Amino acid sequence: MTISSPRVKEFLNSPVRMLVDGAWVPAASGRTFDTHDPATGEVLAAVPLGDVEDVDRAVAAARRAFDDGAWVRMRPNARERIIWKIADLIEEHAADLAELESLDNGKSAGIAQVADVRFAAECFRYYAGWPTKLTGTTNAPSMLLADPGQDFHAYTRREPVGVCGQIIPWNFPLLMAAWKLGPALATGNTVVLKPAEQTPLTALYLGQLLLEAGVPAGVVNIVTGAGETGAAISAHDDVDKVAFTGSTEVGKKIVEAAQGNLKKVSLELGGKSPNIVFADADIPAAVAGTIMGFTFNSGQACESGTRVFVHEDVYDEFTAALAEAVEQLKVGPGSDPESVITPLVSQEQLDRVAGYLAAGKADGARVLVGGERVGDSGYYVQATVFVDATPDMSIVREEIFGPVAVAIRFSDEDEVVAAANDTIYGLAAGLWTKDLSRAHRVAGRLKAGQVWVNTFHAFDAGLPFGGYKQSGWGRELGAEALDLYTQVKAVNIAL
């Protein structure tokens with residue numbers, strides 16, 4: 001394991017601690033767990049294994065910080081400057097964060113710097129603009145039960161929810177932290193953040209930057225640990241809202257845990273996104289976009305376009321070109337800038353993806369390209385495309401979370417829309433066509449939270465992201481995310 005950044009070396013060689021009430025502390029129990037480099041399996045660091053006591057301490061700190069008002073009652077323009085400073089510091093440490101993300105997650109350091117780190121900074125910049133723009137409304141109430149001669153002045157206020165538990169996934173650790181922290185901080189909330197146990201390091205590094213930017217003690221607390229730690233946050237009676245990104249199965253458990261005090265819940269969950277190639281598509285562009293759609297981050301993205309529907313008139317041409325292009329993708333560690341398929345995050349995830357590869361073959365689907373593990377060290381699999389699959393197969397219906405796609409033939413628009421919507425998920429969808437009317441028509445018929453036309457994985461901090469059906473509740477990014485972290489109060493005054 002080679003580390004080029006002196007700051008990353010210093011970070012990993014120092015005792016890794018949790019952030020609670022502005023201080024870096026070990027777990028109350030003193031226990032730790034190891035986080036590994038997916039490219040080699042080597043241990044990167046021993047990380048505090050937080051439990052219920054640590055969650056209690058962090059929630060108490062967040063509650064004090066919220067009730068004391070040092071953050072929520074700070075002048076909005078001062079809060080804006082601090083959030084903007086966070087973005088500045090992320091950019092200053094971009095290479096360090098990218099290398100640390102690559103070491104902990106396995107993804108390409110080059111792509112992490114261009115996509116994950118830059119997007120995280122942009123997310124904080126976007127939400128830095130909001131504290132001075134959170135407005136209410138004034139109303140002229142009819143007040144039917146009041147004296148007709150009585151005048152009233154009525155208005156609404158948008159106020160923070162309070163203490164927010166935020167549980168982030170392992171596929172985009174830094175970026176998902178930014179997606180959640182940005183709107184929460186902009187609206188005056190305090191936070192207990194739990195990174196995934198597979199990838200805790202960039203969240204902790206970000207914690208250092210938050211303090212340096214001037215975020216007051218207790219406003220953001222970071223507790224590391226396993227699933228039990230997240231469960232304790234979700235069930236805590238002094239947490240007012242929980243935001244979770246991860247699998248649909250765990251999302252349902254979050255909802256159950258949150259029932260105790262009926263806390264607000266937002267969920268960004270799984271997907272099995274369709275990617276539709278019509279006969280009039282630009283085939284080279286559609287091939288390149290399809291590969292991006294299912295191999296980006298080695299397929300470890302909830303919105304991945306893994307069900308590739310191809311019109312029968314171009315099916316043979318498209319799949320032949322797709323297979324040829326996939327065969328050229330380089331497999332290697334994230335430290336190699338030429339690597340496209342980098343290791344999966346863990347042995348557990350490797351086993352999961354390998355299980356789906358075996359199931360697809362056993363069920364009778366044919367491997368067009370790929371289909372195997374790569375080497376015997378590190379957590380690598382080949383980018384894989386199946387053909388000749390039927391709708392009931394697990395590789396068609398279930399989220400695999402690896403670089404695995406299924407190419408499916410279709411003959412007309414109604415047929416493909418029905419097939420694309422035949423899923424419990426509704427996170428994203430893509431379509432490729434030169435027909436503007438078809439693009440708008442099909443986009444309107446697809447049951448998905450976002451539809452990309454002649455592109456895939458196209459994100460912007462100002463555009464909402466979230467899903468239909470079992471892909472989640474609520475929207476992250478954009479102005480819509482502010483609704484997740486605020487509540488509206490009506491004030492009515494008899495004059």
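Which residue lies over the face of Trp71? Select Trp71 and look for Arg79, which sits over the face of that ring at 6.0 Å from the ring centre. Keep in mind as you click around that this is a predicted model.

**Another charge over a ring**

Now pick Tyr485. The charged end of Lys241 sits over the ring of Tyr485, 5.1 Å from its centre.

**Rings that pair up**

Next, turn to the aromatic side chains. There are 13 aromatic pairs. Start with Phe119 and Phe459: their ring centres are 6.5 Å apart and their planes make an angle of 45 degrees, so this pair is tilted. An angle over 60 would have counted as edge-to-face, and one under 30 as stacked.

Where do these two rings come from? Phe119 belongs to helix 5 (residues 109-128), while Phe459 is in the loop between strand 19 (450-453) and strand 20 (468-469), so the pair ties together parts that are 340 residues apart in sequence. Phe119 is buried, at 14% relative accessible area, whereas Phe459 is partly exposed at 29%.

Now select Tyr126 and Tyr127. These two form an edge-to-face pair, with 4.8 Å from centre to centre and 90 degrees between the planes. Are they buried or exposed? Tyr126 is partly exposed, with a relative accessible area of 25%, but Tyr127 is buried, at 0%.

Before moving on, show Phe119, Trp179, Trp452, Phe456, Phe459 and Phe465 together: ring pairs link these residues into a cluster.

**Two helices side by side**

Colour helix 5 and helix 6 (residues 173-186). Their axes are 9 Å apart and meet at an angle of about 5 degrees, which means helix 5 runs roughly parallel to helix 6. To see where they touch, select residues of helix 5 including Phe119, Cys123 and Tyr127, then residues of helix 6 including Leu175, Trp179 and Pro183. Sorted by class, the contact between helix 5 and helix 6 has 13 nonpolar residues, one polar and one charged.

**Last stop: Asn221**

Finally, find Asn221 in strand 9 (residues 220-222). With 0% relative accessibility, Asn221 is buried. Which residues does Asn221 contact, leaving aside its neighbours within four places in sequence? Among them are Leu19, Val20 and Asp21, along with Ala58, Ala61 and Val191. To finish, draw a distance line from Asn221 to Tyr155: these residues are 66 apart along the chain, and their C-alpha atoms are separated by 34 Å.

Technical notes. Residues numbered from 1 in each chain as written. Predicted model: local features only at pLDDT ≥ 70, side-chain atom pairs only at ≥ 80, totals over all residues. Heavy atoms only, no water. Phe/Tyr/Trp six-rings, centres within 6.5 Å; stacked < 30°, edge-to-face > 60°. Helix = DSSP H or I, 4+ residues; strand = E, 2+ residues; numbered from the N terminus. Buried < 20%, exposed > 50% of the residue type's maximum accessible area, 1.4 Å probe, protein only. Lys NZ or Arg CZ within 6 Å of the ring centre and 35° of its normal. Axes fitted to C-alpha atoms, helices over the stretch in contact; angles between N-to-C directions. Parallel < 35°, antiparallel > 145°, perpendicular 65-115°, else oblique. Contact = heavy atoms within 4.5 Å. Nonpolar A, V, L, I, M, F, W, Y, C, P; charged D, E, K, R; others polar.
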